[in-house]
Amino acid sequence: MVVFLLFILALSVILFGVKWNNFYGLMFTIGFLSIELLIFVIVVSTAKFATFSYQTTLEYDIYRLILRIRLNYFDLKRIANFSAWMFAMVMLLVAWKNSARAWKIGSVLVWLSCACIMSIWILLLDSVETQEWIYIAVHTGKERLSFLQDLIQQGEFLLLLICCGLPLWKLARLAHRTRLMVRKKYLYAVLASTGSLAAVFLCIAMNMPVKNFLWGYQPNDFRSLYGFYQNSFLKNQFLWLALFLIIIAIIFCLARFDILREKSFLRKRKTPNSKISMRDLRHVFHSYKNALFSIECMCNAALEKYGRPEGKEAVENILSCAESYHEQINRFLDIYNRSGLQWDRFSVRDALEAAEKRCGEGVKFSLRTETENDFIFGDYGAVVEMFVNLFQNAMDAIRAKGTKEGEIQVVVWEEDALACVSIRDNGEGMDKETKKNLYAPFYTTKKTFHNWGIGMSQIRKTVDLHQGFIDVDSRHGEYTEFQIAIPLDE
């Protein structure tokens, strides 16, 4: 028990020192602190009120040190109440954080009301003074007030369950409703970590001997005083091992899904002074290669349909692509001279349509827009180039599979101030090794001189520059789906 307390204490210090300015980092730190206070109460109360059989000199020294702590039962009860109140506030804050109307006046009043109810119930109704008053009243002829004992305890237990259940319900609802894979995985990780933390706290709090000592203590039977501790569920060593493993699982979720970094899924307008790396011209030549490849495909289509309306349309697309190619040259020269990007407000759909025109034919495109608000603030050329890379990768995957019914489905929607784009193809998909090295520069599975393996790293850099998110879902031999989310512009 003491080792577990020291472990949680060290973990809290690390979290507070590294991620103190982060919401989830602060909430988990306070949650661990609440658990520490409960374990501290158990350790001190066990040493003071129960028999203790030490085995070594070190255990005896620790035992003597604990006995010097000047805390009586009533002080320990107040600490336990404060711990329960603090953990309840953490759970309510997590639920409020993930509320769809977190900053609305009505929503704020509702969560403040819940916080007030918990504060009154734990710090006032279940206080030492109230318990003592009820205890004296019941034993001096007012037996009718005995029902208040069960009412207060059962009510506190029920309210704690509600407080722990609210954030879990909010997180599960958000994770189920979101269509963004990166956000869904993030929310499920927060849900698992929050649920595990709540389970650890409730397991300890609901089995603490101190919580019901005053109610069950009989003045003429001192054996009940020791019985609370000797028969306590918390005396089981396997319980502390299980709780230790749960804490390790929480740490794994925090680290694996980068929860403490707190991905901001809210709108943030990027400033025009963003920089890009110009260490060499490989990304520039890669963009030129894409443009030339698009022109080559459209020239072939124009020759096949020469003299027909489709041929005229293909020639117009060639002209549009050549103009875009000329703009790319000017833009890269400007970037090379100023090391900056051309930021402006534009529609994601327009960028997708421009990218589609540069990809030639041979694959069926379907573009569906589910929102009218798809305007973002960024570099139009860079975003178009990003979509061109994704489309050409999808076309290559379809050709590699050899299917005659290749299709690229594009969907645009709005979610929590984000312009979201899904690009799904029915190509050959990716294996685990390809997904693992997907964004690594110069990694490619296409063994031709046309493919250099820097397209995906360029896509990742473009998304990062626009403060967006990118995620991929793929099944080898079936499909690949990329999802990109970029903050909307007002």
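Reader: Strand E3 (residues 375–379) is mostly covered; how many of its five residues are buried?

Author: This is a predicted model, in which local features need pLDDT of at least 70 and side-chain atom pairs count only at pLDDT 80 or more, while totals for chains, interfaces and linings use all residues. Residues are numbered from 1 along each chain as its sequence is written, and side-chain values use heavy atoms, without hydrogens and water. Strands (E, at least two residues) and helices (H or I, at least four) are DSSP runs numbered from the N terminus, and buried means under 20% relative accessible area, exposed over 50% and partly exposed in between, with a 1.4 Å probe and protein chains only. By that criterion, the number of buried residues among the five of E3 is four.

Reader: Which residue of E3 is the bridge partner of Ser347?

Author: Strands pair if DSSP finds at least two bridges between them. Strand E1 (residues 343–347) and E3 are joined by five bridges and run antiparallel. For Ser347, the bridge partner in E3 is Phe375.

Reader: Which charged residue has its end over the ring of Phe375?

Author: A charge sits over a ring if NZ of Lys or CZ of Arg is within 6 Å of the ring centre and within 35 degrees of the ring normal. One such case is the charged end of Arg179 over the ring of Trp413, 4.2 Å from its centre. Over the ring of Phe375, 4.4 Å from its centre, sits the charged end of Arg345.

Reader: What is the angle between the planes of Phe87 and Phe201?

Author: The structure holds six aromatic pairs, where rings of Phe, Tyr and Trp (its six-membered ring) pair if their centres lie within 6.5 Å, and planes under 30 degrees apart count as stacked, over 60 as edge-to-face and the rest as tilted. Phe87 and Phe201 form a stacked pair, 4.1 Å centre to centre. The pair links helix H4 (residues 73–97), which holds Phe87, to helix H8 (residues 181–205), which holds Phe201, across 114 residues. Both residues are buried, and the angle between the planes is 5 degrees.

Reader: Why does the pair of Trp343 and Phe377 count as stacked, and at what angle between the planes?

Author: Trp343 lies in strand E1 and Phe377 in strand E3, so the pair ties together parts 34 residues apart in sequence. Trp343 and Phe377 are both buried. The ring centres are 6.1 Å apart, and the pair is stacked because the angle between the planes is 25 degrees.

Reader: Is Val348 buried or exposed?

Author: Val348 is in helix H14 (residues 348–357). Not counting residues up to four places away in sequence, Val348 touches Asp374, Ile376, Phe387, Ala419 and Val421, where contact means heavy atoms within 4.5 Å. Its relative accessibility is 4%, so Val348 counts as buried.

Reader: Why is helix H17 (residues 455–465) described as largely enclosed, and how many of its eleven residues are buried?

Author: Among the buried residues of H17 are Met456, Ile459, Val463 and Leu465. H17 is largely enclosed by the rest of the structure because the buried residues among its eleven number eight.

Reader: What is the relative accessibility of Ala417?

Author: Most residues other than glycine have a negative phi. In the loop between strand E4 (407–414) and strand E5 (418–425) lies Asp416, whose phi is positive at about 50 degrees. Ala417, in the loop between E4 and E5, has a positive phi near 65 degrees. Asp416 counts as partly exposed at 39% relative accessibility, and Ala417 counts as partly exposed at 26%.
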